[in-house]
Amino acid sequence: MNNQNAQFPLSETTIFVEVLLPVPIPQTYTYRVPRELVEWVKVGSRAVVEFGKSRVMTAVIVKIHNEPPQKTQAKYLLELLDAEPMVLPSQIWLFNWVAEYYMCYPGEVLNVALPSGLKISSQSKIQYNPEFAHPELLSHEESLLMEVLLREDSLNYEEVGRLLDKQDVNKAIKDLVAKHAIIVFEEVKEKYKPKIVKKIRLNRVYEGSEEILILIEGLEKNQKQQAVILEYLSHISISDLTTRNKEGISKSSLREGNISDSSLKTLIEKGILEEFEVVVSRFESEELLTDYEIQLSEPQQNASDHIMVSFAEKEVVLFHGITGSGKTEVYIDLIKKVLESGSQVLFLLPEIALTTQIVARLKKVFGDIMGVYHSKFSDNERVEVWKGVLEGKFNFVVGVRSAIFLPFNNLGLIIVDEEHESSYKQFDPAPRYHARDVAIMLAAKQKSKVLLGSATP
């Protein structure tokens, strides 16, 4: 980690943090920062904390200070999950505003705002107690389990169930704890996992035309291994090896060529082929229509011009137009202008609208700079959009109401299409917020503009 941006220098000063927990409580909690984490702790970073006697949770750091709590002794942070903040100060402000306006707790807002993939999971595991001194107290079944623990270091509850051939292992574990034979602990894991693809490439010494031909000739006596090399060359030609070999091809596409897995393994072991892993996006790249030009009709151009004139005087503008009247073309025209100015755009749609052709159409126009944020997406997909906005990969996001909580820091325009739709209102659980009204407040905070589109405002 680079400590240039550390908010506190490494020192003997005791550092504390206030954290926001995703639970319905009216306050933040104070935790002490271990000395080895002091230089890395930052507002907006996620931390793993012990909450209560047995719960381990993800918290967001909202304040750093050196004042110990008055009434209780502060527990230590267990772990920092981020090298750089995952939540922006503007988001923390928004969580507090939503909580105050909609009469709920900031932790409830955080719980809805933060994708579940950014919250850690906790799994109970058991390990052998090194101080255990009475094996005569164990049953035959328990003795067998203890022997396995000596070899395996630790086991989770599911593994214990398989060993004991029981679905409910709580009583067995409780008995072993009572005999001081085992220690139960929590293994904390982050839910989000990047998508990793295994790839294959030739060793660099074979990138030259002469070298690869000598290799192929040398494998004539082992036709299966030769077939693997030839299959690889069917994806990357000999003339392209010097420029494309480094990126390689996916292992799965190589194996589609009906090659021998054992021969592939042997070539990797010999160092002729190299196996490596790359992190890839979960979202398929759309073919970008680079020559796509918006041809607005005269009424559409008049509407676009009138909206821009209105934005010079007002922060929020209503765009009244019936379904099928061509509002989408006007939206695209406005989005392009804002993106070209270097600002971000959020396009909110009702839940049902994200199943229509509008998303595919926008993707054709804006390509990979556009992210889609939907409740039907997997946890990992939503985390990738969150991180994409944070890192500047997605400057334009199309999403449902929860997209209002994404980490935008430079919004230029928020479009709320069909602003009259009831799906913009969350009814249960808290926060019972209305995304249209939150959008207007967020825009005011970021000095952005809001366009409300509706056939029936």
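The model is predicted, so local features need pLDDT of at least 70 and side-chain atom pairs count only at pLDDT 80 or more, whereas totals for chains, interfaces and linings use all residues. Residues are numbered from 1 along each chain as its sequence is written, and side-chain values use heavy atoms, with hydrogens and water left out. Helices (H or I, at least four residues) and strands (E, at least two) are DSSP runs, numbered from the N terminus.

**Strand β13 and its partner**

- β13 runs parallel to strand β18 (residues 449-454), and five bridges join the two.
- Two strands pair if DSSP finds at least two bridges between them.

**Residue I307**

- Helix α11 (residues 298-313) holds I307.
- I307 has 4% relative accessibility, so it counts as buried (under 20% relative accessible area; exposed is over 50%, partly exposed in between, with a 1.4 Å probe and protein chains only).
- Beyond its neighbours within four places in sequence, I307 is in contact with F319, V330, L334 and L451 (contact means heavy atoms within 4.5 Å).
- F319 is twelve residues from I307 in sequence, and their C-alpha atoms are 7.7 Å apart.

**The six-stranded sheet**

- Six strands make an open sheet with mixed pairing, in the order β5-β2-β1-β4-β3-β6.
- β5 (75-76) and β6 (79-80) are at the edges with a single partner strand each, so one side of each has no neighbour in the sheet.
- Strand β1 (residues 16-20) pairs with strand β4 (residues 55-65) in the antiparallel sense, over five bridges.
- L20 has V60 as its bridge partner in β4.

**Helices α1 and α2**

- Helix α1 (residues 89-101) and helix α2 (residues 106-113) have axes that come within 8 Å and cross at roughly 120 degrees (axes are lines fitted to C-alpha atoms, for helices over the stretch in contact, and angles run from 0 to 180 degrees between N-to-C directions).
- That angle makes α1 oblique to α2 (under 35 degrees is roughly parallel, over 145 roughly antiparallel, 65 to 115 roughly perpendicular, the rest oblique).
- F95, N96, V98 and A99 of α1 make the contact with P106, V109, L110 and A113 of α2.
- By class, this contact of α1 with α2 has seven nonpolar, one polar and no charged residues (Ala, Val, Leu, Ile, Met, Phe, Trp, Tyr, Cys and Pro count as nonpolar, Asp, Glu, Lys and Arg as charged, and the others, Gly among them, as polar).
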